[in-house]
Amino acid sequence: MAPYALHGNVAVITLDNPPVNGLGHALRTSIVDGVNAAQDDASVAAIVLIGAGKAFSGGADIREFNTPKMFAEPTLHTVLKTIEASGKPVVAGIHAVAMGGGLELALSCHFRVAVPGAQIALPEVKLGLLPGAGGTQRLPRVVGLETALNMIVTGNPVPSEKLAGTALFDEMIQGDLLPGALAFAQKVVTEKRPLKLVRSLPVKHPNPEGFLGFARNTVAAVAKNFPAPVACVDALEAAATLPFEQGSVRERELFTKLMNTPESKALRHAFFAERAASKIPDVPEDTPVRDIKRAAVIGAGTMGGGIAMNFANAGIPVTVLEMKPEALDKGLGTIRKNYENTMKKGRLTPEKFEQRLGLIKGTLDYDDIANADIVIEAVFEDMGVKQQVFEKLDHVMKPGAILASNTSTLDVDQIAAFTKRPQDVIGTHFFSPANVMKLLEIVRGKATAKDALATTMKLSKTIKKTGVVAGVCDGFIGNRMLEQYLRQAMFLVEEGALPQDVDRAMEKFGMAMGPFRMSDMAGLDVGWYIRKRRYVEKPNMKYSRWIDRICEMGRFGQKTGAGIYKYEAGKRDAIPDPQITELVTAYSKELGVERRKISDTEIVERCVYALVNEGAKILEEGIALRASDIDLVYLTGYGFPLHRGGPMLYADMQGLVNVVAAMRRFGKNPHGDPKFWEPAPLLAKLAAEGKTFN
Ligand SMILES: NC(=O)c1ccc[n+]([C@@H]2O[C@H](COP(=O)([O-])OP(=O)(O)OC[C@H]3O[C@@H](n4cnc5c(N)ncnc54)[C@H](O)[C@@H]3O)[C@@H](O)[C@H]2O)c1
């Protein structure tokens with residue numbers, strides 16, 4: 001884990017725990033052993049700590065998170081104390097990455113040298129925490145209060161050369177690190193330099209109170225729902241105003257407090273959810289993947305254009321196929337305009353602009369795409385049209401090409417059956433705008449080959465999407481849950497809330513957009529079309545139909561200048577419309593419902609628990625592999641508030657018993673739908689056993 005070797009009179013301890021030398025228990029133990037061995041060896045005059053491979057150290061070993069090993073002795077604190085207590089100089093030699101606990105480790109050493117280009121960071125705030133092993137106390141002592149505050153509050157890395165003039169580094173090494181670090185250690189020995197401890201340095205600042213007061217206000221305004229950034233300021237205040245030991249106690253208190261906040265739990269959950277999502281139980285990680293060097297997209301409409309941009313952004317040439325030249329020109333024109341806008345905002349250089357456009361070709365001829373390694377179909381949402389396209393693809397595409405469909409509602413297995421190679425067919429459900437939204441639902445058909453799935457999963461990373469596997473069903477994970485959420489939002493309006501009340505409550509809860517503003521943006525005709533199908537397919541399912549009346553008036557939302565809200569020409573601000581208030585009031589009256597005031601709490605509970613109950617069914621049916629996948633879908637595709645960690649984690653944090661109790665209460669509502677509120681068997685079972693989804 002941390003091999004120990006003698007180079008003359010210098011002992012070299014090499015951190016070796018791939019991939020980033022995470023400070024797991026075994027590594028911590030061997031660092032302590034190494035430092036102690038060096039004390040006992042009279043021939044050793046100095047110690048160099050260095051990292052093997054791709055990092056000095058990336059900090060805590062995330063594989064140990066939530067395990068007893070994380071807190072087992074020697075803890076990181078013990079390691080730091082051992083180093084500080086060394087009677088022989090300890091020099092940290094830093095390359096590539098010194099982050100979190102890795103940087104805190106280096107800060108406990110007597111000296112630090114680094115090569116340029118190393119990423120230096122304390123990123124704990126990104127998990128809703130603060131550096132808990134002295135980082136908030138030691139960093140300001142070497143880089144100054146302001147730089148430390150910026151680094152700790154944002155968590156962003158700073159390249160080592162930018163910190164070169166500070167007391168963080170005693171020397172910058174040009175050339176190879178190990179010989180440079182050894183030479184530096186030799187110098188320390190020869191010159192008999194006194195052992196320096198960062199803890200003994202003062203935090204220098206002309207006016208710490210003034211600066212921190214200003215910083216606290218600014219940070220609080222930006223941090224909004226997250227307590228960690230302000231706690232980081234508090235810890236830095238302790239560094240600036242208290243002796244080191246007392247400051248460290250304060251850091252510990254703040255760390256422990258943050259560890260127990262729902263916001264930090266949510267951020268850590270999202271972090272692990274992202275990692276878990278790429279694991280598919282029956283598709284091992286070493287499953288061979290197919291090479292994706294060329295791509296094709298069928299249809300240059302709203303989705304096709306955005307999908308093509310994803311490939312070009314990742315440097316993969318892509319050919320877009322349309323039926324008619326006008327449609328093709330229009331689609332390619334939109335792509336160009338999108339890139340031009342990005343360039344105008346200064347987020348794309350003219351070279352990159354040309355390069356990306358150069359990767360996108362248009363065609364009307366299937367022969368031009370036959371060679372692509374993957375083709376994504378994004379034509380009209382109509383089974384007949386999909387059939388035509390997939391039969392053609394089956395005919396022309398080279399063997400082994402992945403045939404993907406961007407359908408949002410159609411059966412991927414049925415689409416696969418249009419080909420003689422259903423093993424190569426898969427769903428890739430992008431979200432609009434496809435070049436911006438992170439989420440990609442990857443729909444695994446019953447015949448989809450494992451390597452086709454593994455390849456698509458890998459591709460999602462290449463094009464910088466969050467890939468989540470979903471089984472085949474109507475609406476997959478996200479839209480299937482959304483339907484129940486919207487149904488419930490409509491019932492709330494029928495019973496007494498106004499659309500703007502529901503949106504305000506949900507936005508206060510943290511949703512990026514309330515359900516009705518969102519519906520107006522997406523276009524009310526989309527949902528109307530689906531509901532009309534439902535009325536026939538499921539005549540017993542209860543629906544509130546007031547939005548249908550709005551649709552009957554030709555009000556389809558933003559695109560027609562009016563929907564549930566009204567809009568001023570050219571603007572997107574949703575303005576509550578008295579005409580709609582009248583419409584819903586009349587609708588309630590017709591149903592014989594006496595409208596009542598509905599609290600924000602009830603609005604939030606009913607909307608979110610509608611998501612949770614459908615989520616439980618999706619989990620039970622195996623449509624989602626794990627609860628955290630569902631959360632990830634909602635965090636990355638539906639604007640669910642990150643600080644709440646997704647609907648399933650939110651339910652867990654409320655206590656599933658309480659969720660079920662609330663659902664039973666809603667079921668008894670005289671205007672409610674007892675069937676809607678029947679807890680999914682999995683939810684009822686977990687609640688009864690006192691368990692959680694996650
Ligand atoms: N719009 C969304 O928000 C969204 C989100 C996720 C998924 N989807 C799905 O993506 C698909 C495309 O949706 P869209 O919104 O981009 O539609 P769109 O109407 O904007 O674009 C469809 C394009 O396909 C072209 N086309 C139709 N038939 C074709 C054929 N046989 N060969 C080649 N081109 C053909 C049309 O000319 C048009 O340009 C649908 O399956 C839809 O359900 C849409």
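## Ligand site

An oxygen atom of the ligand sits 2.9 Å from an N or O atom in the side chain of N406. This is a polar contact (a pair of N or O atoms within 3.5 Å; within protein, one must be able to donate a hydrogen and the other to accept it, and residues adjacent in sequence count only if both atoms are side-chain atoms). The model is predicted: local features need pLDDT of at least 70, side-chain atom pairs count only at pLDDT 80 or more, and totals for chains, interfaces and linings use all residues. Residues are numbered from 1 along each chain as its sequence is written, and side-chain values use heavy atoms, with hydrogens and water left out.

E322 also reaches the ligand: an N or O atom in its side chain is 2.5 Å from a ligand oxygen atom. M303 uses its backbone instead, with a polar backbone atom 2.8 Å from an oxygen atom of the ligand. The protein covers 80% of the 830 Å² of accessible area that the ligand has on its own. Accessible areas come from the Shrake-Rupley method with a 1.4 Å probe; for residues, only the protein chains shown count as cover.

The shell around the ligand holds 22 residues, each with a heavy atom within 4 Å of the ligand. The closest are M303, E322, E381, K386 and S408. Helices (H or I, at least four residues) and strands (E, at least two) are DSSP runs, numbered from the N terminus. The most comes from α14, with three residues.

## Nonpolar cores

The largest nonpolar core has 102 residues. Such a core is a set of buried Ala, Val, Leu, Ile, Met, Phe, Trp, Tyr and Cys residues joined through side-chain atoms within 4.5 Å. Buried means under 20% relative accessible area, exposed over 50%, and partly exposed in between (1.4 Å probe, protein chains only). L393, I477, M506, F516, W546, Y609 and F693 touch the most other members. Helix α23 (residues 600–620) supplies the largest share, eleven residues.

Which residues does M506 touch, not counting those up to four places away in sequence? They are Y485, M511, G514, P515, I603, V604, C607 and V608, where contact means heavy atoms within 4.5 Å. A second, separate core has 66 residues, including I31, L49, L130 and A235. In soluble globular proteins, nonpolar side chains tend to be buried together.

## Helix α1

Helix α1 spans residues 25–40, 16 residues in total. From its first C-alpha to its last it reaches 23 Å, close to the 22 Å expected at 1.5 Å a residue. That expected span is 1.5 Å times one less than the number of residues.

Its buried residues are L27, R28, S30, I31, V32, G34, V35 and A38. Their cover includes the strands β1 (4–7), β2 (10–15) and β3 (46–51). It also includes the helices α2 (76–84) and α3 (101–108).

## Helix α4

Helix α4 (residues 135–143) is largely enclosed by the rest of the structure, because nine of its nine residues are buried. G144 follows the helix, with a positive phi near 95°.

## A buried loop residue

A118 lies in the loop between β6 (111–114) and β7 (119–121). Is this residue buried or exposed? A118 is buried, at 0% relative accessible area.

Leaving aside neighbours within four places in sequence, A118 contacts I94, H95, A96, V158, P159 and S160. P157 is 39 residues away along the chain, yet its C-alpha is 9.1 Å from that of A118.

Most residues other than glycine have a negative phi, and most peptide bonds are trans. The bond from P18 to P19 is cis, with omega near 5°. P19 lies in the loop between β2 and α1. Another cis bond joins S432 and P433, with omega about -10°. P433 lies in the loop between β15 and β16 (439–444).

K192 is not a glycine but has a positive phi of about 50°. Its loop runs between α6 (177–190) and α7 (208–223), and K192 is exposed at 73% relative accessibility. K224, also not a glycine, has a positive phi of about 45°. This lysine lies in the loop between α7 and α8, where K224 is exposed with a relative accessible area of 69%.
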